[in-house]
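Some labels used for a protein model rest on a value and a cut-off.

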Amino acid sequence: MEPKAHHVIIGCFTLAAVTAALLFALWLGKSSADREWAYYQIGFDHPVSGLAKGNPVLYSGIQVGDVLELKLAPDNPAHVRVLVRVEQDIPVRENTKAGLVLANITGSMSIQFTGGTPQ
């Protein structure tokens, strides 16, 4: 027969491994939540089919944020208002343009920022 000490060691190791995995998952979640965000509302005067909450926001092809909300403009239902969040340190200027780009072959869309002056 085996002594009970082996079962205690295996149990302690299992408990330590599960605790370490949980702490690592919490640490990963916290690191993404610590980001500073800037929020922008974009108006489109054409249909935005394929765009949904959670879709990426790109700047020159690099993901810098995501779509938070889509709604129709209250004064004109032909216009769509899209609320996006972008990382705080991304230089979005007054003359930066926003457009829709096809994200993949399923028809999903992303918002693409382009242009903008360096100042």
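Q: What makes a run of residues a helix here?
A: A helix is a DSSP run of H or I with at least four residues, numbered from the N terminus. In this predicted model, helix H1 covers residues 5–33, and Leu-26 is found in H1.

Q: Why is Leu-26 called exposed?
A: Exposed means over 50% relative accessible area. Leu-26 has 55% relative accessibility, so Leu-26 counts as exposed.

Q: What makes Leu-22, Leu-23 and Leu-26 a patch?
A: Nonpolar side chains are joined into a patch within 5 Å, if each residue has over 30% relative accessible area and no salt bridge. Leu-22, Leu-23 and Leu-26 form such a nonpolar patch on the surface, and together they have about 330 Å² of accessible area.

Q: How do you know that Arg-85 lies over the face of Trp-37?
A: The charge must be within 6 Å of the ring centre and within 35 degrees of the ring normal. Arg-85 is at 4.2 Å from the ring centre of Trp-37 and lies over its face.

Q: Which residues have the most contacts inside the largest nonpolar core?
A: They are Val-57, Val-82, Val-84, Val-86, Ile-111 and Phe-113, in a core of 17 residues. Strands S1, S2, S3, S4 and S6 each supply at least two residues of this core. The largest share, 4 residues, comes from S4.

Q: Why does Ser-60 count as exposed?
A: The cut-off is over 50%. Ser-60 has 55% relative accessibility, so Ser-60 counts as exposed.

Notes: Residues are numbered from 1 along each chain as its sequence is written. This is a predicted model: local features need pLDDT of at least 70, side-chain atom pairs count only at pLDDT 80 or more; totals for chains, interfaces and linings use all residues. Side-chain values use heavy atoms; hydrogens and water are left out. Patches are made of residues with over 30% relative accessible area and no salt bridge: like charges are joined within 9 Å, nonpolar side chains (Val, Leu, Ile, Met, Phe, Trp, Tyr) within 5 Å. Accessible areas come from the Shrake-Rupley method with a 1.4 Å probe; for residues, only the protein chains shown count as cover. A salt bridge is a side-chain nitrogen of Lys or Arg within 4 Å of a carboxyl oxygen of Asp or Glu. Buried means under 20% relative accessible area, exposed over 50%, partly exposed in between (1.4 Å probe, protein chains only). A nonpolar core is a set of buried Ala, Val, Leu, Ile, Met, Phe, Trp, Tyr and Cys residues joined through side-chain atoms within 4.5 Å.
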